[in-house]
Amino acid sequence: MMISDETLMAFADDELSAGEARRVVAALEADPALALKLDRMRRAKAALKGAFSGQLELETPARLLAPFASPPRRGASIIAFPQAARRPLYMLAAAACVALVFLVGRASVGADATMFARADGGIVARGDLDKALDAQAAGANAGARIQIAMSIPEDGGGYCRVFKLDASAGLACGEGGEWRIDALAASDSATDASGYATAAGDLPDAILNAANQRRAGDPLDAVAERQAMQARWR
Amino acid sequence: MGLIPRLRRFALAMTGSRADGDDLVQDTLERALLRLDQWRPDTRLDAWVFRIAKNLWIDQIRSKRARERVVVSDPDADAAGLDGRAAMDAALTLSKALQVLATLPEEQRIVITLVQIEGFTYREAAEIIGIPEGTVTSRLVRARAAIEAQVLGEDRT
């Protein structure tokens with residue numbers, strides 16, 4: 001049976017359907033020359049890929065992070081990535097999720113499309129994060145993926161809440177019935193094995209600074225927080 | 001793995017040089033942030049960014065070629081430093097790999113880099129480049145034959 005170079009290559013690249021792949025396997029068993037051809041394809045591929053394998057381990061030069069470091073502009077929020085850059089980088093909230101993917105990879109919050117959505121040039125909470133911001137008390141659910149660290153009153157009667165989500169921390173403020181993500185930062189201490197993290201000391205400076213800028217008073221105590229929650233944070 | 005290291009690897013393979021590659025990465029990130037609202041969150045961010053990088057690189061090549069038409073170019077200089085028929089050790093060094101890639105036509109180099117180094121599927125590579133999947137396959141077959149001949153020596157079977 002004739003197997004074209006295209007088909008053999010697609011086989012080597014795992015591009016064939018199961019049925020097509022079986023056909024190639026049968027042909028390979030019957031044709032040593034074809035098997036040799038496949039072997040060459042695989043060796044060349046492995047050699048080429050291997051030559052570049054060390055490239056992902058290199059540290060990213062600071063100048064490549066510069067696009068993320070533009071100063072806050074109109075309606076801007078503070079985002080910091082201390083672990084990636086060793087010093088805070090400031091950028092627009094609209095770029096926050098994407099920047100997290102850029103800087104810390106898919107494994108982090110950036111891939112979590114279920115927790116965030118883009119809206120009106122900003123980012124709002126969705127899914128479990130939205131629910132936790134609505135209804136989870138500060139300090140509750142120790143060890144859960146989403147922790148609320150504190151709730152703070154805002155000028156004009158609204159509220160902001162500081163949260164931790166996996167390896168990130170953020171500040172969300174109520175606005176028009178949504179929780180707008182005002183700041184988001186990768187947290188150095190997020191791998192704390194206890195998972196119990198309500199102390200402000202665990203939070204990245206950028207988030208605390210952002211919270212400080214927004215707050216119109218002291219963080220709510222448990223009673224005041226419950227009242228605010230029952231009043232739907234308005 | 002973060003996107004920037006992958007983007008740097010892609011740019012290095014495409015441009016053949018660390019400095020040109022990082023310049024391209026910087027331009028790409030700037031443009032990506034500028035056009036962030038054009039990215040649809042339901043699509044792969046990496047493919048979108050790679051596509052920006054590819055387009056910027058192609059633009060650069062075109063303008064470079066336009067300049068080189070005025071300046072007298074020396075085609076032999078491009079091929080210097082590589083004996084295509086020399087059978088190399090199968091374990092390729094990075095510089096050898098870059099030399100091998102540099103012998104390929106631009107469009108083949110981009111395809112082989114996306115598929116073999118970056119691990120995109122044929123369909124994803126086709127979307128990034130903006131060509132039909134069949135064109136990806138035919139470019140890959142040609143690129144692959146050229147690379148095999150250089151990396152493993154001519155097939156004598």
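Visitor: What should I know about the model and its numbering?

Guide: This is a predicted model, where local features need pLDDT of at least 70, side-chain atom pairs count only at pLDDT 80 or more, and totals for chains, interfaces and linings use all residues; side-chain values use heavy atoms, leaving out hydrogens and water. Chains are lettered from A and ligands numbered from 1 in the order in which they are written, and residues in each chain are numbered along its sequence from 1.

Visitor: How far apart are the end C-alpha atoms of helix 3 of chain A?

Guide: Helices here are DSSP runs of H or I with at least four residues, strands are E runs of at least two, and both are numbered from the N terminus. The expected span is 1.5 Å times one less than the number of residues. Helix 3 (residues 32–51) has 20 residues, so it should span 28 Å, and the end C-alpha atoms agree at 28 Å.

Visitor: Which residue caps the N-terminal end of that helix 3 of chain A?

Guide: Look for a side-chain oxygen 3.0 Å from the backbone nitrogen of Ala33(A). The oxygen belongs to Asp31(A).

Visitor: Which residue of chain B does Arg40(A) form a salt bridge with?

Guide: A salt bridge needs a side-chain nitrogen of Lys or Arg within 4 Å of a carboxyl oxygen of Asp or Glu. The closest N and O atoms are 3.7 Å apart, and the partner is Glu148(B).

Visitor: And which residue of chain B does Asp13(A) meet in a salt bridge?

Guide: Asp13(A) sits in the loop between helix 1 and helix 2 of chain A, and its partner in helix 8 of chain B. Both are buried. At 3.2 Å, N to O, the partner is Arg144(B).

Visitor: Which residues form one aromatic cluster in chain A?

Guide: Rings of Phe, Tyr and Trp (its six-membered ring) pair if their centres lie within 6.5 Å, with planes under 30 degrees apart stacked, over 60 edge-to-face and the rest tilted; the whole structure has four such pairs over all chains. Tyr159(A) and Trp233(A) have centres 5.7 Å apart and planes at 75°, so they're edge-to-face. Trp179(A) and Trp233(A), at 5.6 Å and 70°, are edge-to-face too. The cluster is Tyr159(A), Trp179(A) and Trp233(A).

Key: Polar contact = N/O pair within 3.5 Å; in protein donor to acceptor, adjacent residues only side chain to side chain. Buried < 20%, exposed > 50% of the residue type's maximum accessible area, 1.4 Å probe, protein only.
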